[in-house]
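I opened my notebook to look up a few things in this structure. Here is what I wrote down as I went along.

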Amino acid sequence: MKNVIITGANSGLGFETAKKIAKSRDYRVILACRNDVKASQARADISASTGNENIVSMKLDTSSLSSVRAFADKYINEYGTVDVLINNAGISSMRDSGMTEEGFEIVFATNYLGHFLLTQLLLPHFAADGRIINVTSDMHNPPGGIEWKGADYIAYEAVGDRKNYAYSKLAAIYLTLKLDEEFRKSGDSITVNSFNPGFMAATNFSGGHADKARALVVKTTMPDRYGELEKSSEALFQIATDEQFSNISGKYFDRSTNIKESSALSYVKENRNELWEKSLKYCGL
């Protein structure tokens, strides 16, 4: 039986993707969530709707490096091998702001740094044909663009910066490209890709502001940014499990199984190398 870990899987994209994967009895699905009550309910709902009893909920708060370490230790002790890791958990700067107890800007920590550490801790336990998918966003390149202000700025100083969500999602792409580079150097057959689900009003992600009127505005004025929950979760499910994606790595999937180029800024090698080295330092690795 293969093991799939999905962070932030109690609702939205993570939940719908987990449900699709669970329909196959070949997979044990681990719902890695910060809210135990919601995670337990999601586990029960998925098990009831799919008939798959191998659904597990585990505590994980990606904003907390200590929580990430505790999760990784428990997971490794109980299940050993990772076949698929979907780094999906995320928060919006419209809803959350401030610093974590460990001193990092909370959007950066939740959306990126916790996933960086989780991936590093689990890598030695990946199956040879393992897959990593980092859920990013087209907002890594927001209207008007962003500039790279350095890892320390986005890690420590971006509190209140309206572009901190964009920085965190750009960081997710940098992680994808750097991991892919490292895997190719070492000869590992693990694959890693980025996935943009698009703006999905159905998930109510943006702090309660994603009402029907706003969704319609986005859908009609920015069709290149709008995403449908059903379509995006189906695409993420396929990228995570389908054999046709087993050898595809270092790519950016856009709201579907279609590959496209991410922003020009996302390919700047010096930036991703800086972020990688600083992230290792932030995590004490």
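I began with helix α6, where 19 of the 23 residues are buried, so I noted the helix as mostly covered. Helix α6 spans residues 164–186 and reaches 33 Å from its first C-alpha to its last, close to the 33 Å expected. Just after α6 I found Gly187, with a positive phi of about 85°. I keep in mind that this is a predicted model.

Next I looked at the whole protein. I listed nine helices and eight strands, and buried residues make up 57% of the 285 residues. Of the contacts with a separation of 6 or more, 77% are between residues 24 or more positions apart.

Then came the salt bridges: how many does the count come to? I got 12. One of them pairs Lys20 with Glu230, at 3.2 Å from N to O. Lys20 sits in helix α1 and Glu230 in helix α8, so this pair ties together parts that are 210 residues apart in sequence. I also checked Lys20 itself, which is buried at a relative accessible area of 10%.

A second pair is Asp152 and Lys278, again with the closest N and O atoms 3.2 Å apart. Asp152 belongs to helix α5 and Lys278 to helix α9, so parts 126 residues apart in sequence are tied together here. Are these two buried or partly exposed? Asp152 is partly exposed at 31% relative accessibility, and Lys278 is partly exposed at 23%.

My last entry is Arg255, which forms a salt bridge with Asp254. Arg255 is buried at 16% relative accessible area, and Asp254 is buried at 12%.

Note on methods:
Residues numbered from 1 in each chain as written. Predicted model: local features only at pLDDT ≥ 70, side-chain atom pairs only at ≥ 80, totals over all residues. Heavy atoms only, no water. Helix = DSSP H or I, 4+ residues; strand = E, 2+ residues; numbered from the N terminus. Buried < 20%, exposed > 50% of the residue type's maximum accessible area, 1.4 Å probe, protein only. Contact = heavy atoms within 4.5 Å. Expected span 1.5 Å × (residues − 1). Salt bridge = Lys/Arg side-chain N within 4 Å of Asp/Glu carboxyl O.
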